[in-house]
Amino acid sequence: MPSKVETEKWKRQLVENAEKEILKLTDSEKFKSYLNTVAKFHRYSQRNIDLIYSQNPNAGQVAGFKKWQTDFKRSVNKGEKGIRIAAPIIKKLTPEDQKRLDTTEEKAIVGYRYIPVFDISQTSGEPVLSAKDFVKENLVDHKNVTNLYNELKDYLNNNTDIKVSEKSLSELGGAKGYFQPNTNEIVIGGDEPDNALKLKTLYHEYAHSQLHGLKSAFKDRPRAYQETQAEAVAYVAMQNIGVDTSNYSLGYVATWAKDKAVIHSALSEIQQVSNKVIELSDGLTKQLGLQEAQKEPEHDLKKLSAQDLNKSYQGLQRQVQQATNPQQKVQFKNQLNDVHQEISKRTQKQLQAFSEQNPEIKQPDPESDRSMKR
């Protein structure tokens with residue numbers, strides 16, 4: 001068992017390695033790779049995003065060893081090395097602790113330990129689908145991209161102090177849109193034929209409004225710095241909903257390259273606004289029905305392929321968990337039961353066929369089985 005000194009040295013090395021990888025983000029493609037990690041793990045702290053990125057830039061979904069087994073019916077492959085992330089150590093506070101810390105909280109974080117998690121690529125088992133799989137499929141249709149753009153525009157106009165309007169591209173002098181800090185207004189090229197580009201532009205200008213508005217602490221950042229930040233947020237937002245971002249230019253990334261404090265500040269700002277945008281987008285895609293499985297159980301379940309049947313089953317499981325309306329919950333449960341019965345029938349049929357094709361395999365004796373149960 002490693003000594004305390006060895007453990008502390010290992011922890012420092014883990015953080016230092018992450019630091020080195022972050023300081024390499026002067027190249028546009030490496031920066032994109034980092035932003036991909038931000039998009040996938042936006043609910044994680046920046047520290048853990050940095051740790052995941054430094055150990056596995058291609059990680060897509062991570063969980064602990066037991067969580068993969070219990071929640072996802074998957075097993076970590078033999079010999080796989082875990083990705084270490086920081087987990088808080090929470091202590092129950094004594095009255096003396098509360099007085100010393102000047103708090104009324106019953107518990108507090110007193111430190112961190114580094115626990116292993118594993119990426120989905122390191123596991124085997126049942127397929128894992130998330131709402132993003134369905135959002136991505138739905139947003140292949142540009143009509144749905146337009147609906148999301150309009151929904152986001154309306155939300156900002158009706159629920160924030162930002163005003164979003166449109167002008168023709170000919171009035172924008174070659175730009176796709178802009179943010180006007182003095183009036184807190186976003187203007188988008190309304191006749192832009194590429195619907196995905198319109199949505200990305202709205203995300204970009206919204207990022208400017210949050211990062212570089214008159215009341216923002218970051219409003220005096222250099223122009224190149226501001227543009228890279230806004231484009232980074234737009235990139236993360238589009239990645240989150242599964243729209244192709246392969247041709248995005250992230251500008252002059254080297255703006256912050258030589259200053260460690262500046263790059264950490266820049267990444268922290270990007271993450272904060274990206275989280276805000278992702279939460280907003282997720283809410284709007286749910287309202288638009290884009291986070292519902294496309295393939296609902298058909299009346300004739302026998303027509304569904306095994307893969308589609310499995311997708312429907314997993315989709316309905318999520319809908320049962322997420323449903324807040326009791327009547328809707330019951331409806332989803334009934335549909336889930338129908339799909340479960342169809343899967344069970346097919347399994348029994350396959351087992352029967354296998355048994356008939358392999359008569360040499362001895363079948364269990366029902367009498368013997370009953371006697372063992374006694």
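Predicted model: local features only at pLDDT ≥ 70, side-chain atom pairs only at ≥ 80, totals over all residues.
**Entry 1**

Residues are numbered from 1 along each chain as its sequence is written, and side-chain values use heavy atoms, with hydrogens and water left out.

I then looked for the partner of K32 and found a salt bridge to E29, whose closest N and O atoms are 3.6 Å apart. The term stands for a side-chain nitrogen of Lys or Arg within 4 Å of a carboxyl oxygen of Asp or Glu. E29 is exposed, at 51% relative accessible area. I placed both residues in helix α2 (residues 28-40), 3 residues apart, about one turn of the helix. Helices (H or I, at least four residues) and strands (E, at least two) are DSSP runs, numbered from the N terminus.

**Entry 2: other salt bridges**

How many salt bridges does the rule give? I noted a count of 13.

In helix α12 (residues 326-357) I found E342 and R346, 4 residues apart, about one turn of the helix. Their closest N and O atoms are 2.9 Å apart, in a salt bridge. E342 is buried at 10% relative accessible area, whereas R346 is partly exposed at 22%.

I also checked K91 and D97, whose side chains form a salt bridge at 3.4 Å, N to O. K91 is partly exposed, with 37% relative accessibility, and D97 is buried, with a relative accessible area of 9%. I noted that a network of salt bridges links K91, D97 and R100.

**Entry 3: the chain as a whole**

I counted 13 helices and 8 strands in the secondary structure of the chain. Of the 374 residues, 39% are buried. The accessible surface comes to about 22200 Å², and 49% of it belongs to carbon and sulfur atoms; such areas come from the Shrake-Rupley method with a 1.4 Å probe, and for residues only the protein chains shown count as cover.

I looked at contacts (heavy atoms within 4.5 Å) between residues at least 6 apart in sequence, and 63% of them join residues at least 24 apart.

**Entry 4: nonpolar cores**

Which residues touch the most other members of the largest nonpolar core? I found Y34, L35, L199, Y203 and I241, out of 56 residues. Elements that give two or more residues to this core include α2, α3 (46-55), α8 (195-211) and α10 (260-287). A second, separate core has 8 residues, among them L301, L304, V320 and L336. A nonpolar core is a set of buried Ala, Val, Leu, Ile, Met, Phe, Trp, Tyr and Cys residues joined through side-chain atoms within 4.5 Å.

For I241, leaving out residues up to four places away in sequence, I listed V135, K136, L139, L148, L199 and Y203 as residues that it touches.

**Entry 5: R47**

I found R47 in helix α3; R47 is partly exposed, at 39% relative accessible area. Apart from neighbours within four places in sequence, R47 is in contact with A86, Y112 and Y114. R47 and S268 are 221 residues apart in sequence, yet I read 9.7 Å between their C-alpha atoms.

**Entry 6: strands**

I traced an open sheet of 3 strands in the order β1-β4-β3, with antiparallel pairing. β1 (62-63) and β3 stand at the edges with a single partner strand each, so one side of each has no neighbour in the sheet. Two strands pair if DSSP finds at least two bridges between them; β1 and β4 are joined by 2 bridges. V62 stands opposite D119 in β4.

I then turned to β7 (residues 177-180), where G177 and F179 form the covered face, and Y178 and Q180 the uncovered one. β7 and β8 run antiparallel and are joined by 4 bridges. Q180 has E185 in β8 as its bridge partner. The two strands, β7 and β8, form a hairpin with 4 residues between them, and N184 in the turn has a positive phi of about 55°.

Key: Buried < 20%, exposed > 50% of the residue type's maximum accessible area, 1.4 Å probe, protein only.
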